[in-house]
Amino acid sequence: MISEYFTLNTSVEIICFIVAFFCLIKDKSPAWKSMILFLLITCVTELIGIYIKKLYLADTVHVRPNVWIYNVLIIFQAGFTSFMFSHLLNKYINSKPIILGGLAVLFILYVVEVYVHGVFEKHNITTTSMSVWFVLLSLFYFYQLHKDAGYIDLKFSPAFWWVSGILFFYFGRTACNLFYYKLSLVVVTPKHYLTYYIYNTLNILLYACWSYAFICRKWLTTTSKNLY
Amino acid sequence: MADYDIKELVLIATLIFLIAPAFIISYIFVYNRRKKKHIEEKAQMQLKFEAEIAKAQLEVQEQTMQTIGADLHDNIGQLLSLTSLTLNSIELHKLAKAQQKIDASINLVLRSIKEMRLLGKLLQGDQLVAMGLPEAIRQEINWMERSGKYEVDYTQADNIPMIKNADKDLIIFRILQEVLNNIIKHAFASHISISLEYVDQKLKLQIADNGVGFAAGNLSAEQSGMGLLNIQKRAGIIGGEANIASNPGAGTNVTVFIPYP
């Protein structure tokens, strides 16, 4: 049934993708425009994930769980988010060495994990490291914003809301990753564990912040030439 | 530790992790609002500063015009009137006397021309400030001395910075004019001593007179009026300070410190 594909998660992601598409399609910045592609990849991954899960539940012997597709998504998450951070931090510093350094470490961890347990097991170390890395980048961005003498109206600053979304999501996800084995034991309703609710909340926060950031971006680029 | 306790601990830690970003973002918001306020205050101060500079410029011009007016009336006007009278009194048939009167008239006209030249220099009052504070002060002192009522001592240190700050020069010059005006109007002084030094990255302008002085602490706001309040306010606007020391019968000493350039 098609309704099975429209979970809370996928719905929020699809809405965010649609907002990104309409707000950023004419954007002149490649970093912002790339968000459309990233969200498309995320939505497609989620839908394929649900499809594979259905197949797996139907035949647990011959079909592997959908973990591997989320492992592939990590590559895109690391790439696109780093690209965006690079663009945002370039306003204050030469961000290339930091971003490329971070990406190199994540790449090494990813390769090690593939080598150690293959692609069909969750890449926990890479995911957690990536979350911590993005939290640090978000804090670094806020530090630069704090240090900058110029004033930006944060209520309408796309960059600020984009980074806020990242900070909420990855901060929370770091906690969940660290305490995953304990949290996943807490059953809230007969159908769902606590982690399900936490992940959903984090997803809603992330995509709400991002959608608002894209709207601000559209609003700013059509009302003025101020790109930040 | 019981399993229940661990679960509780994990939940609290997770909650803290979720709340922490909200706090960080709120902090950035609050700080940003303060930044906005600070920028607005700075802009307002800049506007105030510019208005004060414009006012000082206007006052320097007004002061110059007043001096010129007074000089035209009291000095050049008198010289020319005397010239006219002398020329009118010439009797052509008394050649020797006529020659004397013509010579006297020529002398009076030459003095008028000299006075006019000096006036011309004064007319460039605000341009003088642009040429440098020491030069402007020297011209002002020349003018004071010419009245013959005051004996003025002026000392200037050798280490005055070559790099100028036009806005500060204008304000300092205006302060000097204000102090000299006060001396002329109220002090009944005969001796004025002015010094310009450069101490600890600050210009120090000191103006002392031997006039009647006043009880500095006993002046009402109205009495201290434009003069003294203006001196302190203006010094403050360019980051400096003005100290006014006076006692009845003991003259007045005004010292202005201005960070320079």
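These questions and answers go through a predicted model, from the contact between its chains to its nonpolar cores.

Visitor: Which element gives the most residues to the side of chain A that touches chain B?

Guide: The contact takes 18 residues from chain A and 18 residues from chain B. On the side of chain A, the elements giving two or more residues are α5 (124–147), α6 (158–178) and α7 (180–183). With eight residues, the element that gives the most is α6(A).

Visitor: How many residues on that side of chain A are nonpolar?

Guide: Sorted by class, the side of chain A that touches chain B has one charged residue and four polar ones. The nonpolar residues there number 13.

Visitor: Which element gives the most to the largest nonpolar core?

Guide: The largest nonpolar core has 54 residues, and Trp162(A), Phe168(A) and Leu206(A) are among those with the most contacts inside it. Elements of chain A that give two or more residues to this core include α1 (8–24), α5, α6 and α8 (194–223). The one that gives the most, with 13 residues, is α6(A).

Visitor: How many residues of α6(A) are buried?

Guide: A residue counts as buried if 20 or more other C-beta atoms lie within 10 Å of its own. By that cut-off α6(A) is mostly covered, and of its 21 residues the number buried is 19.

Visitor: How far apart are the end C-alpha atoms of α6(A)?

Guide: The helix has 21 residues, so at 1.5 Å a residue α6(A) should span 30 Å. The distance in the model agrees with this: the end C-alpha atoms are apart by 30 Å.

Methods. Residues are numbered from 1 along each chain as its sequence is written. Chains are lettered from A and ligands numbered from 1 in the order in which they are written. This is a predicted model: local features need pLDDT of at least 70, side-chain atom pairs count only at pLDDT 80 or more; totals for chains, interfaces and linings use all residues. Two residues are in contact if their C-beta atoms, placed from the backbone, lie within 7 Å. Helices (H or I, at least four residues) and strands (E, at least two) are DSSP runs, numbered from the N terminus. Ala, Val, Leu, Ile, Met, Phe, Trp, Tyr, Cys and Pro count as nonpolar, Asp, Glu, Lys and Arg as charged, and the others, Gly among them, as polar. A nonpolar core is a set of buried Ala, Val, Leu, Ile, Met, Phe, Trp, Tyr and Cys residues joined through C-beta atoms within 7 Å. A residue is buried if 20 or more other C-beta atoms lie within 10 Å of its own, exposed if 12 or fewer, and partly exposed in between; C-beta atoms are placed from the backbone. The expected span of a helix is 1.5 Å times one less than its number of residues.
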